[in-house]
Amino acid sequence: MRITSRRKAMAFFIVLGICLVALAVALNVGWIILNLRQGIMLFLGVIFFAAIILGMILNTGFLVRELRRNEQHDSFLNAVTHELKTPIASIRLYLETLQHRDVDEAQRRHFYSLMLTDTDRLLGTVEQVLKASQVSNKPKGSVRAEVDLGSLAQECMELARTRHRLLPSALRYKESVNGSRPLVLGDSDNLRTAVSNLLDNAIKYSGNKVNVTVEVGITNEKNVHLRVSDRGMGIPADELKRIFKRFYRVPGRTQSQVKGTGLGLFIVRSIAKAHGGKVFAESGGESRGTTITIELPRKVA
């Protein structure tokens with residue numbers, strides 16, 4: 001209901017702005033016709049009305065942007081609340097069961113395993129929120145070192161296999177470096193976070209059949225790239241640039257099927273920009289998979 005009301009308010013401001021601009025243009029044209037022979041008054045009038053029109057356009061754009069931002073904040077809070085509340089409720093249920101019932105050792109170990117999984121989910125949500133704040137406010141001049149992007153990618157893949165309990169064949173690694181090492185100068189922890197977020201996204205949006213390929217290569221003499229491709233849900237063409245915004249999630253079925261905070265790709269973009277690189281997404285459309293590429297400046301050994 002809240003989202004619907006905000007969209008109605010957004011439509012109202014857009015229509016109001018268009019009407020006001022049209023009215024100002026009509027008054028301007030009429031005033032010009034009436035004062036066509038008075039050069040100075042005509043000149044001042046044109047400037048005055050142009051300023052009014054510009055102010056209306058800027059005001060309408062600001063209001064619409066704020067409404068969209070508030071809507072995204074609400075979606076983020078709802079997502080984070082769910083991501084925190086669900087594992088907490090699950091852990092509480094298992095603890096109450098252990099407290100009030102006698103269970104055998106096998107069942108007890110199973111409960112412990114499930115509770116550890118829930119705590120990992122809680123920790124992941126908290127770390128993602130903290131990392132989003134960190135990459136937004138991190139000062140320049142951080143200590144950087146030589147990082148082998150290929151080795152880092154394979155390390156992240158092993159962690160993803162363990163975390164998501166995947167078969168080795170679910171994640172495949174490719175390298176096209178022509179005998180050279182794909183070296184970058186950067187913060188290994190932040191780069192590891194970026195690659196892990198890309199892998200987690202690819203796995204989440206792959207559905208029941210995970211088929212993800214990670215390719216590391218040397219783009220040219222100055223750049224290296226890391227490309228993560230999946231065969232999952234895919235992304236509509238008009239959403240490809242928006243997915244890197246903070247709190248943004250593709251509207252529609254993905255929000256109901258896949259939970260998240262809308263921060264993962266924002267963190268990836270922020271880390272790439274902090275390293276002087278860029279990130280972009282490609283997709284053939286819904287149900288045709290997605291490929292996300294990070295391109296970073298190359299450090300020659």
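I took helices (H or I, at least four residues) and strands (E, at least two) as DSSP runs, numbered from the N terminus.

**Entry 1. Basis**

I worked from a predicted model, in which local features need pLDDT of at least 70 and side-chain atom pairs count only at pLDDT 80 or more, while totals for chains, interfaces and linings use all residues. Residues are numbered from 1 along each chain as its sequence is written, and side-chain values use heavy atoms, with hydrogens and water left out.

**Entry 2. Overall layout**

I looked up the order of elements and read α-α-α-β-α-β-β-α-β-β-α-α-β-β from the N terminus on.

For burial, I used relative accessible area: buried means under 20%, exposed over 50%, and partly exposed in between (1.4 Å probe, protein chains only). Of the 301 residues in the chain, 40% are buried.

I counted a contact where heavy atoms lie within 4.5 Å. Among contacts with a separation of 6 or more, 70% come from residues 24 or more positions apart.

I took accessible areas from the Shrake-Rupley method with a 1.4 Å probe; for residues, only the protein chains shown count as cover. The accessible surface of the chain is about 18,300 Å², and carbon and sulfur atoms hold 58% of that surface.

**Entry 3. Salt bridges**

I defined a salt bridge as a side-chain nitrogen of Lys or Arg within 4 Å of a carboxyl oxygen of Asp or Glu. Side chains of opposite charge can pair when their charged atoms come close. The structure holds 10 salt bridges, and I noted the following ones.

I first looked within helix α2 (residues 39–100), where E96 and R92 stand four residues apart, about one turn of the helix. Their closest N and O atoms are 3.2 Å apart, forming a salt bridge. E96 is partly exposed at 32% relative accessibility, whereas R92 is exposed at 55%.

I next examined D148 and R181, whose side chains meet in a salt bridge at 3.3 Å, N to O. D148 lies in strand β1 (residues 145–148) and R181 in the loop between β2 (171–176) and β3 (183–186), so this pair ties together parts that are 33 residues apart in sequence. D148 is buried, with 17% relative accessibility, and R181 is partly exposed, with 46%.

I then turned to D200 and R163, a salt bridge with its closest N and O atoms 3.2 Å apart. This pair links distant parts of the chain, namely helix α5 with D200 and helix α4 (residues 149–164) with R163, 37 residues apart. I recorded D200 as buried at 19% and R163 as partly exposed at 44%.

I also noted a network of salt bridges that links E155, D189 and R192.

I looked up N197, which lies in helix α5 and is buried, with a relative accessible area of 12%. Leaving aside residues up to four places away in sequence, N197 touches Q128, G264, I267 and V268.

I followed this to helix α7 (residues 264–274), which is mostly covered, with eight of its 11 residues buried. The buried residues of α7 include G264, I267 and V268. After α7 comes G276, with a positive phi near 75°.

**Entry 4. Surface patches**

I built patches from residues with over 30% relative accessible area and no salt bridge, joining like charges within 9 Å and nonpolar side chains (Val, Leu, Ile, Met, Phe, Trp, Tyr) within 5 Å. For charge, I counted Lys and Arg as positive and Asp and Glu as negative, leaving out His and the chain ends. I placed each charge at NZ of Lys, CZ of Arg, CG of Asp or CD of Glu.

R172, K174, K209 and R231 form a patch of positive charge on the surface. Of these, I checked K209, found in the loop between α5 (188–204) and β4 (212–218). K209 counts as exposed, at 69% relative accessibility.

F12, L16 and L20 make a nonpolar surface patch of about 270 Å². I located L20 in helix α1 (residues 2–34), where L20 is partly exposed at 35%.

**Entry 5. I88**

I placed I88 in helix α2 and recorded this residue as partly exposed, at 48% relative accessibility.
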